[in-house]
Amino acid sequence: MRESRLCDLFSKSKKREEKFSLEAGDLTLDYSKNHLTTSTNKMLAQLARQADVPAAIEAMFAGEKINKTEDRSVLHVALRAKIADSVAHNTPGITEVWKVLTKMEAFVDDVHSGVIKGSTGKKLTDIVNIGIGGSDLGPVMVSKALRTYWKEGMRFHSVSNVDGTQLEDLTKELDAESTMFVICSKTFTTQETMTNAATARAWVADCLDEVAVQYHFVAASTNHEAMDDFGIRTDFRFGFWDWIGGRYSLWSAAGLSLALIVGMDVFKAVQSGGRRMDQHFCNAAMGENMPVLLALIGIWYNNFFGAGNQAILPYTHRLERFPAYLQQLQMESSGKSVRMDGKPVRCDTGMIIWGEAGNNAQHSFMQLLHQGTRFVPVDFILPASSDLATAHCRAQAEALMYGTTDDDLEPHCIHDGNRPSNMIHFDELTPEVLGQLIALYEHKVFVEGIIWGIDSFDQWGVELGKKLAQARLS
Ligand code: F6P
């Protein structure tokens, strides 16, 4: 297949686009512009079966401790489950999950209606998420994506880096009286987050007074003792559990800042989109399962074509932070070189993920994708809402595939083409659709990890740097 020409595959099969397209919920995956035939597909689906992907899916939804190195279940899917779903029954303490969501709903409503106010009686309109990694990227990405759903008068801000400049700039434009800080940290020990939280606390105490802290800080965390120490009052804290990984935590109380901006109805619609993809993932056969297929195509290029990286190009500015979100999801999950049985992996694992909103990409790095020497498979993500963006996106996919190789062209004008891409398209970027899109990639990453035999839910590789930084500071 490495020798195959994509345009030949198209000319051999007139209905190729139709044949190599798959629908799940509101998403359509057109994977026709890949080096695949029906028999490649069958063999890849066979690979998934051979690696026991169906059993692994069952194990995750059954609440088994599939995060072996941390001896934990992986149940972010339970956060978006309904009472009738089997995963809800397989989740210890599911009633606690629903209690927290109910508490979040009441809190969010009270902030919006003004029942919960700042210490001086002003309405709380500026929400600042303080967190990093999974405690930042999810709320930031989704709040940007759902900009049209923001409650009137509400504004979202975020602080993550530790050098202090984000908060310095932000506090210049904020009014402490109408600002609420959401400290989002699963562990409540992450140095960047704790440092920024302490600075924000000092700013509030300075602008208002020490008592104001309890009106202007809420927290989402699993660490109640640390929330006590910080002075977060019990009705302003929202718990979650160790069986939710940081990069999978958006659906939990870690999404509180987002819920405060868009309201709980919209937050729940994102969850219900995620659940819709879960249902497809659990029920569709390997060859017709969108997350499985996306994972297999990833593996095909990574392990059989030697592509070390993949570009994610959303053709809407609203998904500007989606590539960054996927970087953590995929690279923290799949950046592993040891298998779950402790042995070294014998093939490449996680690809380097990078990307940018499409038109910006065209005018910066697309040159390399079109005429460079490297092989970079692309995922285009395309809502149908802008004709112009659609035309550009489809043109890029075609240019990558067909290229231009006319005999009379100067060498520097030749585009070899034959460069593959997926296109994930949908009508409109609604909260439901966004939930489906996020869950699609979550499950894609999970399936890749199963096939490689790695633990996709730990992240020991980031610990060493944290320790060394600590040692330098002490
Ligand atoms: O250091 C990596 C990491 O542990 C991520 O996995 C996580 O999303 C991030 O740090 C933030 O952790 P916490 O939510 O505990 O502050």
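Colleague: Which residue forms a salt bridge with Arg247?

Modeller: That's Glu332, and the closest N and O atoms of the pair are 2.9 Å apart. A salt bridge here is a side-chain nitrogen of Lys or Arg within 4 Å of a carboxyl oxygen of Asp or Glu. Keep in mind that this is a predicted model, where local features need pLDDT of at least 70 and side-chain atom pairs count only at pLDDT 80 or more, while totals for chains, interfaces and linings use all residues. Residues are numbered from 1 along each chain as its sequence is written, and side-chain values use heavy atoms, with hydrogens and water left out.

Colleague: OK, and what are the domains?

Modeller: Domain 1 covers 6-62 + 284-461 and domain 2 covers 79-268; the bounds come from an automatic or database domain assignment. Their centres, taken over C-alpha atoms, are 32 Å apart.

Colleague: How many residues are in contact between them?

Modeller: 29 residues of domain 1 are in contact with 21 of domain 2, contact meaning heavy atoms within 4.5 Å. There are three salt bridges between domain 1 and domain 2.

Colleague: Which helix gives the largest share of domain 1's side?

Modeller: Helix 20, with eight residues. Helix 16 (322-334) and helix 20 (431-452) each supply at least two residues of that side. Helices are DSSP runs (H or I, at least four residues), and strands are too (E, at least two), numbered from the N terminus.

Colleague: Switching topic: which residues come nearest the ligand?

Modeller: Ser135, Ser185, Thr187, Thr190 and Glu332, out of 14 around it; near means a heavy atom within 4 Å. Ser185 has a polar side-chain atom 2.6 Å from a ligand oxygen, and Thr187 has one at 2.6 Å from a ligand oxygen as well. For Lys466, a polar side-chain atom is 3.0 Å from an oxygen atom of the ligand.

Colleague: Back to salt bridges, how many does the structure hold?

Modeller: 21. One of them joins the side chains of Arg72 and Asp242, at 3.7 Å from N to O.

Colleague: Which parts does that pair tie together?

Modeller: Arg72 is in the loop between helix 4 (53-61) and helix 5 (76-79), and Asp242 is in the loop between strand 7 (237-239) and helix 13 (256-262), so the pair ties together parts 170 residues apart in sequence.

Methods: A polar contact is a pair of N or O atoms within 3.5 Å; within protein, one must be able to donate a hydrogen and the other to accept it, and residues adjacent in sequence count only if both atoms are side-chain atoms.
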